[in-house]
Amino acid sequence: MDGDRARRAARVQRVAARRDAFTAARDLHVTIVREGREGREGPREDRERYVRREPPGDVSPARPATFGAAGRASPGTDDRGAGGYRRERSLFMHYVNPEILACYGRDATRDATAGGAAGVLAQALRATRLAVLTTDAYLIFPSSYMFELPWFGVFLDHIAPLVHEGLVRHTSPTPELTAYRDLKVREYRRDERNPYSAPPPGLRFEPELTWYPRFGGPTAAGIAELWLRALVPGGELSGVVHAVARAWHRPYGRVESILAKSPDRLEGQAFVTRFVARTLPGPVPRDAESLLALFLSAAYVRCYVHDLDTAILMDLPIGPLSCLNGDSEEEMKGRVLSSRRLDLALQWLRVDHFVHRTATWKELVLLRSSPEFGIITSMLFGSGSANAFRLAIIGASRSRHFGPAVTCGDALSNVAAVADRMTRTLG
């Protein structure tokens, strides 16, 4: 019994330490890192161009780097570092978030039988196939999706093998959905489309959907900190303040002061655009409202990415979905992964049809679990030479055994052939 108590105490200490570490990391992010970003990176629109400027045919790594010995990054490019891509890092499924999709003109809140939502569902499944390949850990989504997306139960049915294996997990402050719903009902009070007014239908799984604990403070508190720093002249919301000042015929400082009071005026409501607009004395111009929504979505993603130590997938067919978050930002390095880059690599590996059309979820997990595939994704997302990958593809393609993958064995064979040529060339 003493041994059991000691083990339980050790687990509690580890959890507490992890929570403190996450909280401290976000405090440092808010008080130090973001303060100097505008001066280093230029205006917000320049960062959006950086995120989207990569030409369709380029699979260059996210940052320059070279391999030393086979499979190992040279000094300064270790992909286990805080600023690099790590396969043991989970992936945050922001690509089905309704507020984020709305920023890109997609309505995800209708039933799956509706045309628009059906398209979102199909794109979510396509993105999930790629997401599985980017991590050796979990795919994590906020518990809110189960309430806010009427079709989310259908989506989970489609990926049931991943759910049953615990490879897809939901996160919230509490594992109990009833208790979570009670918390959220207050956040969405007085909302004409309150998604928490009824329990989510059809979300019963055997075994039960796995819960992933959310460390750090409430999302609204994290967004509020970023909000206040973004309002100052030169901040990320300075363009919004200028637009509102012109529309209201008031000086910048006065509008900045009004907007700075919005977090308090929300009185615990969710920090989303429609609720923020209600805290203001006048309407926000449409273009400014779009920027406002984009900022709030970006802040939301940053909070989750850092609290959970996750990455995100962008450059999807449904939209960029970067929310202005780019790999150029130091705290996001190795966390913003381009699906377009991965897709092109899969085409070169001749496994794209297998990945998107015929592979089962179990086969995708087998593919991602191979060491050779890990070497290739580490190159793609920041710790290797793109030219070495191209040369390895050219060399492997000369073999009569290197053809379009039909089975999982074919896909593993192609990947192994390319990885082997890469390691022999760079070794």
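## Basis of the model

Helices (H or I, at least four residues) and strands (E, at least two) are DSSP runs, numbered from the N terminus. This is a predicted model, in which local features need pLDDT of at least 70 and side-chain atom pairs count only at pLDDT 80 or more, while totals for chains, interfaces and linings use all residues. Residues are numbered from 1 along each chain as its sequence is written, and side-chain values use heavy atoms, with hydrogens and water left out.

## A buried loop residue and the nonpolar core

Tyr196 sits in the loop between helix 9 (177-187) and strand 4 (210-213), and Tyr196 counts as buried because its relative accessible area is 0%; here buried means under 20% relative accessible area, exposed over 50%, and partly exposed in between (1.4 Å probe, protein chains only). Between Tyr196 and Met146 there are 50 residues of separation in sequence and 9.8 Å in space, C-alpha to C-alpha.

A nonpolar core is a set of buried Ala, Val, Leu, Ile, Met, Phe, Trp, Tyr and Cys residues joined through side-chain atoms within 4.5 Å. The largest such core has 115 residues, and those with the most contacts inside it are Trp151, Phe152, Phe155, Trp227, Phe389 and Val418. Helix 15 (residues 286-308) gives the most to this core, contributing 12 residues.

## Salt bridges

The whole structure holds 13 salt bridges, each being a side-chain nitrogen of Lys or Arg within 4 Å of a carboxyl oxygen of Asp or Glu. In one of them, the closest N and O atoms of Asp307 and Arg214 are 2.5 Å apart. Asp307 belongs to helix 15 and Arg214 to the loop between strand 4 and helix 10 (219-230), so this pair ties together parts that are 93 residues apart in sequence. Both partners are buried, Asp307 at 0% relative accessibility and Arg214 at 13%.

Arg340 and Asp315 also meet through their side chains in a salt bridge (3.7 Å, N to O). This pair links distant parts of the chain, with Arg340 in helix 16 (residues 339-349) and Asp315 in the loop between strand 5 (310-314) and strand 6 (336-338), 25 residues apart. Arg340 is partly exposed at 26% relative accessibility, whereas Asp315 is buried at 12%. Elsewhere, salt bridges that share partners join Arg86, Glu88, Arg89, Asp309 and Arg335 into one network. Within this network, Glu88 and Arg86 form a salt bridge (3.8 Å, N to O); Glu88 is partly exposed at 39%, and Arg86 is buried at 16%.
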